[in-house]
Amino acid sequence: MNTANKALFLLVFTFFLMPCAFAQDLLQYVHPNIGTAHSRWFFYTPAAVPYGMAKLAPSTNGSYGNAQGWEAVGYDTRHNSIEGFVHFHEWQVGGVSFMPTAGELKTVPGLLDKPASGFRSAFDRKNEVAQPGYYAVLLDDFKIKAELTATKRVGFHRYTFPKNEESRIMLSIGNIQGESGPVTDASVKMIDETHFEGFVITYPKYVKTYDEGGRVAMYFFGELSKEPASVGAFDQKKISSGSQSSAGPGAGLFLGYHTKENESVEIKVGLSYTSVQNAKLNLQTEAGNLDFDRAKKAAQSEWQRELGKIKVTTKNQPDLVKFYTGLYHALLGRGIASDVNGSFPRHDGTIGQLPKDKNGKFSYHFMNTDAIWGGFWNLTQLWALSYPAHYNDFVHTQLEIYKERGWFGDGIANSNFVSGVGTNFVGLAIAGAYQAGIRDYDLNLAYRAVLGNELNYQNRLVGSGKTDTKSFVQHGFVPYLEADKTDSTGAHFSGSHTMEYSYSAFAAAQLAKQMGKPKDYQKLLALSNGWKLLFDKELKLIRPKTQDGKFIGKFNPLEAWRGFQEGNATQYTFYVPQNPKGLVTAIGSETFNNRLNDIFEKSQQNAFGGGKTIDAFAGIQSLYNHGNQPNLHISWLFNYSSAPWLTQKWTRAICNEFYGTESIHGYGYGQDEDQGQLGSWYVMASIGLFDVKGLTDARPTIQLGSPVFDQSEIQLGNGRKLVIKTTNNSAQNVYVQAATWNGKALNNAWMYRDELMKGGKLTLTMGSRPNKSWGVKVLPPSAQ
C-alpha cells in the first residue's frame, strides 16, 4: 500500500471510529436519514440543536430551487453528490453555503448527474454519519472529510484535507438555496486575515404571493482557524483572483490553502436575521471559547437532555428508532429567529426587541414557523405535554406579529406572511395553549387577536387571517365557487374551509367562555355548527353547497381539489373534532363504526395513505391519508363512538405500518412531514395519548390508545412525572383489557388532562382480543 492510499485508509478508518464514541444512550436511536427521499428543505438538518437558528446540512440539489416554492428540495437519499453545506433551513428560508474543494477552480455547484460540471462532489453513504448535532461525510472527488455541528445560532465546520497545493473552501453566498427564492442582494468580504462577514437577501415564492414586498435577510460573521494562503472572489459574471470581497447575485469567495496530509481547517459562523453586528455577537456569546469538538459535545448533550424528557422501554429496537427519530424531528422544526440580545426581524425591515422578565432574562424566543395546519393533532399536544416553553414561544411570536400587523400570519418567515394553506389555525393553537395552562402573555391581547382571526375580514392583509371569513360569518358555511379561487364570497375549497372554520370557531368559543365573553361565546358556538349545514343526510357525507344553499352536482366523494383542499369528502366528513358525538349521531353509531372500520381495513392495504408512490399528495384521493394533516385525528374517533378497541387496533397498526425506519419509507412514502408533525403524531400515539380536540375544550381531555412500549416515563412540562406502564404487551396484544390510574381502577378510555398532568402512574393490561366492555360506559365529553 503506497503512502497516499495508506493515508486515505487511515482517514476513512478514523472517520468511522470517531462518531461512534458519541452515539450513546438515546442518540443511537435517532436516524436522521429516515424519510429523506422526497423530503422538504427543512427536514434534514442533522448539525443543529433543538429549535436552533443554525441548522447545517449537506445539500444535494438546493441550488436548483423549486418553481412552486414548497417542493421537496435540498437533500435526497436518491442523490449521490453534494454541492455544499448550508446554514439556514426553515420554511421559505435558506442560504449561505460553504463547500471544501481541491484542484481546478470552479465557481458553480454544477449538475446532479455531472459532478465534474461544478464544485460538487460525489459521495458514498457508507462514508456518511448523521446524528443529532453532528454530520460527517467523505467527499470522494476531493478526498476531503467534512464535519458539521452547531450551537443555537452558530454553525461549525471542520474540513480535513489531504496533501494538496490547491485545497480550497468556497463561500457561496449569493445563490438560491432550497425554498429561498431568488437572491435580490448579497455580500461577502474578508475583514482581516481570518474573519469574514456578509449577508444575503432573498424573495421567496410565498413571500411574493402572500406578503408582496417583504424580504428574507440572513446575516453572518465567520472566523477561520487558519489564515488562507490566497483569497479570490466571484459572482455570476466574473472571477476576480486576489479580490477580498464580492457583492450581488452569485456573490462568493474562494479561500485557498496549501494543505498537509490530514490538515484541518475549522470555521465558526455566527448567524442572525437582523444584522452582521448581531451575527458577530451571537458568535462571541455562544461560541467564543468553543472549538469544533467542544461544540459537538455540547450539542449532543443538549439533544440527550431534550430527548430524555420522554424515555420509552421496549425490546423492539425499530420502535425505539421510530420514536426517537420522530421526537428528534419534532424538536428540530420551527427554529428561533431572535438573537442573544433579544433582537428579531420585523416585516418592515426594522429590528424588534424582546422584553426581559423580572430576572433580566428573555422569557421567550421569536420563531420562524411553517403553518400550524394540523399541528394541534401532534406538535402542540407534544409541546404542552413536555415542552411548554416552545409552545409559549409560538404564542408570543404570533402576538408580536399581531402587534405589528394587526393580524395573525399562519406561516412566518422573518415576520413575513408565508401562509401555506390559507385557513389560518393560529387562533385555535393559541386557544389550545390557554386551555393547557400556558398563559404567560397578555391574555386580553391574545383574546382580541383570536377573536379577530375568526370573525374579522375588513382591511385584511393578504396572507393573513382567512380570505373567506366574510362568507362563513354571513352564511354559516363557505359557499362553493367553481373557479379555483377564494375571496369574500366563497371558495373553491369551500367544503374543507367550512369544516375547518367550524372547528376553529369552537376553539375560540371555549376561550370566550373562559374569558367571560358570553355574547362572543354564543356567536362562535353557533358558527361551530357550520358543518351541519353541509351534511348530506342521504349520503351521510359532507358535501359543498353553493351560495343558494344547494348541494353541488357531479359529486364524487373521493375527488380531491374540488371543494376540499388536500383531501376529499370521504376524508373531511370526519373533520368534526369539536363535536365527534354529534357526527356519530348524524351518521348513526353502527354505520359510523362500520364505515370507518372499513375505511381502515381498505387503507391498510394501501399503507394507510398513498401506497408506495413517492409524492407528498399521493394519498389525497384515497379513503384515508395519514400522510396529510386533515386525517390525523380520525383513528381516535372510535373512543367517541363506543368502540375504543378500534382506536387501539388502528392507531397501533398505523404506528407499525405507515411509519418505517428506511430512508424512503420513513413517514409514509415521500409524505409531507411538515417540521415534525408526523413525527409528533407517532410520539403521542405510541405512548397511547391523544386529544381529538387539540386541547381546545374548556377542560381538555386526553383519550387513551394502545401504547407501543412496555413503559414510558414522561417528564411533564410542570416538573412532575407521568409513567405509562403496559403489562402483557406485544405485537399481538394491542387491546386494552383493564386500566388503573395511581392504583385505582380506570374504566374510561380517557382522562381529564388536568388530572393526568398532576403526574402518576397509568397501568394498562393488554390482550390479543378486544375487551368490548372497557371504556364504553362513559364516553369522553363531546360538546362542552
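Predicted model: local features only at pLDDT ≥ 70, side-chain atom pairs only at ≥ 80, totals over all residues.
Leaving aside residues up to four places away in sequence, T498 touches F472, F477, V478, G530, W531 and L534, where a contact means heavy atoms within 4.5 Å. Residues are numbered from 1 along each chain as its sequence is written, and side-chain values use heavy atoms, without hydrogens and water.

T498 sits in helix α11, residues 494-514; helices here are DSSP runs of H or I with at least four residues, numbered from the N terminus. With a relative accessible area of 0%, T498 is buried, a word used for values under 20% with a 1.4 Å probe and protein chains only. A polar atom of the T498 side chain lies 2.9 Å from the backbone nitrogen of V478. G476 is 22 residues from T498 along the chain, and their C-alpha atoms are separated by 8.2 Å.

I turn now to helix α16. Which of the residues in α16 are buried? They are F592, N593, L596, N597, I599, F600 and S603. These residues lie on the same side of α16, because they cover an arc of only 150° around the axis, taken from the directions from the axis to the C-beta atoms. Their cover includes α14 (569-572), α15 (580-587) and α17 (644-657).

Notes
Helix = DSSP H or I, 4+ residues; strand = E, 2+ residues; numbered from the N terminus. Buried < 20%, exposed > 50% of the residue type's maximum accessible area, 1.4 Å probe, protein only. Polar contact = N/O pair within 3.5 Å; in protein donor to acceptor, adjacent residues only side chain to side chain.
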